[in-house]
Amino acid sequence: TAWNIYGGQWFTNSVFHGDQHAPEGSEQKIAYSEGNAAFSHGGQARSVLQLISALAIITILLRRWLRPRLVYAPCIFIGAVVSLLAAFAVGHSGVFAMVCMTWSVMPETGSFAIP
């Protein structure tokens, strides 16, 4: 997904205002490192949520509690809301950026877990 390709750049440049070409020890270089760390933590949280949500979706579908489209639709909706929040509401909040990145996995999880 786009998060996998451009997420690191978004964290380091847009959220943290870092610059990889800044001199060592400068404020921009430190911000760049903090952005990379936040991207890594967000990616790990994203993987955990993907595992848990995929197992939950598979359980729901195996037990036939809901029809597949009633499980898939909320996954798409969550992804749309999180994308809008990431684009317009995150600003320079690293924690909120990590939350958005984590929850952005839901459409992907839904499409892989639902036959």
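## Ground rules

A residue counts as buried when its relative accessible area is under 20%, as exposed when it is over 50%, and as partly exposed in between (1.4 Å probe, protein chains only). By that rule Ser104, with a relative accessible area of 9%, is buried.

Please keep in mind that this is a predicted model, in which local features need pLDDT of at least 70 and side-chain atom pairs count only at pLDDT 80 or more, while totals for chains, interfaces and linings use all residues. Residues are numbered from 1 along each chain as its sequence is written, and side-chain values use heavy atoms, with hydrogens and water left out.

## Helix H2

Let us begin with H2, which covers residues 27-63. Helices here are DSSP runs (H or I, at least four residues), numbered from the N terminus. H2 has 37 residues and spans 53 Å between its first and last C-alpha. That is close to the 54 Å expected at 1.5 Å a residue, where the expected span is 1.5 Å times one less than the number of residues.

Several residues of H2 are buried, including Lys29, Gly35, Gly42, Arg46, Ser53, Ala54 and Ile57. Just after the helix, Arg64 has a positive phi of about 60°.

## Two salt bridges

A salt bridge requires a side-chain nitrogen of Lys or Arg within 4 Å of a carboxyl oxygen of Asp or Glu. The whole structure holds two of them. One joins Glu24 to Lys29, with the closest N and O atoms 3.7 Å apart. Glu24 is exposed, at 68% relative accessibility, whereas Lys29 is buried, at 16%.

The other brings the side chains of Arg46 and Glu108 together at 3.5 Å, N to O. Arg46 lies in helix H2 and Glu108 in helix H5, so this pair ties together parts that are 62 residues apart in sequence. Arg46 is buried, with a relative accessible area of 6%, and Glu108 is buried too, at 17%.

Ser104 sits in the loop between helix H4 (94-103) and H5. Its side chain makes a polar contact with the side chain of Arg46 at 3.3 Å; such a contact is a pair of N or O atoms within 3.5 Å, where within protein one must be able to donate a hydrogen and the other to accept it, and residues adjacent in sequence count only if both atoms are side-chain atoms. The Ser104 side chain also reaches the backbone oxygen of Met101, at 2.6 Å. Contact in the wider sense means heavy atoms within 4.5 Å. Setting aside residues up to four places away in sequence, Ser104 touches Trp3, Arg46 and Val82.

Further along, Thr109 belongs to helix H5 (residues 106-113). Thr109 is buried, with a relative accessible area of 2%. Not counting residues up to four places away in sequence, Thr109 touches Gln50, Ser53, Ala54 and Ile57.

## Aromatic pairs

Rings of Phe, Tyr and Trp (its six-membered ring) pair if their centres lie within 6.5 Å; planes under 30 degrees apart count as stacked, over 60 as edge-to-face and the rest as tilted. By this rule there are two aromatic pairs. The rings of Trp10 and Phe11 have centres 5.2 Å apart and planes at 80°, so they are edge-to-face.

Phe11 also pairs with Phe39, in a tilted arrangement with 5.9 Å centre to centre and 55° between the planes. This pair links distant parts of the chain, with Phe11 in helix H1 (residues 2-15) and Phe39 in helix H2, 28 residues apart. Phe11 is buried at 0% relative accessibility, while Phe39 is partly exposed at 22%.

## Nonpolar cores

A nonpolar core is a set of buried Ala, Val, Leu, Ile, Met, Phe, Trp, Tyr and Cys residues joined through side-chain atoms within 4.5 Å. The largest one has eleven residues, among them Trp3, Trp10, Phe11, Ala38, Val82, Cys100 and Met101. H1, helix H3 (68-88) and H4 each supply at least two residues of this core, and H1 gives the most, with four.

Leaving aside neighbours within four places in sequence, Cys100 is in contact with Trp3, Val82, Leu85, Ala86 and Val90.
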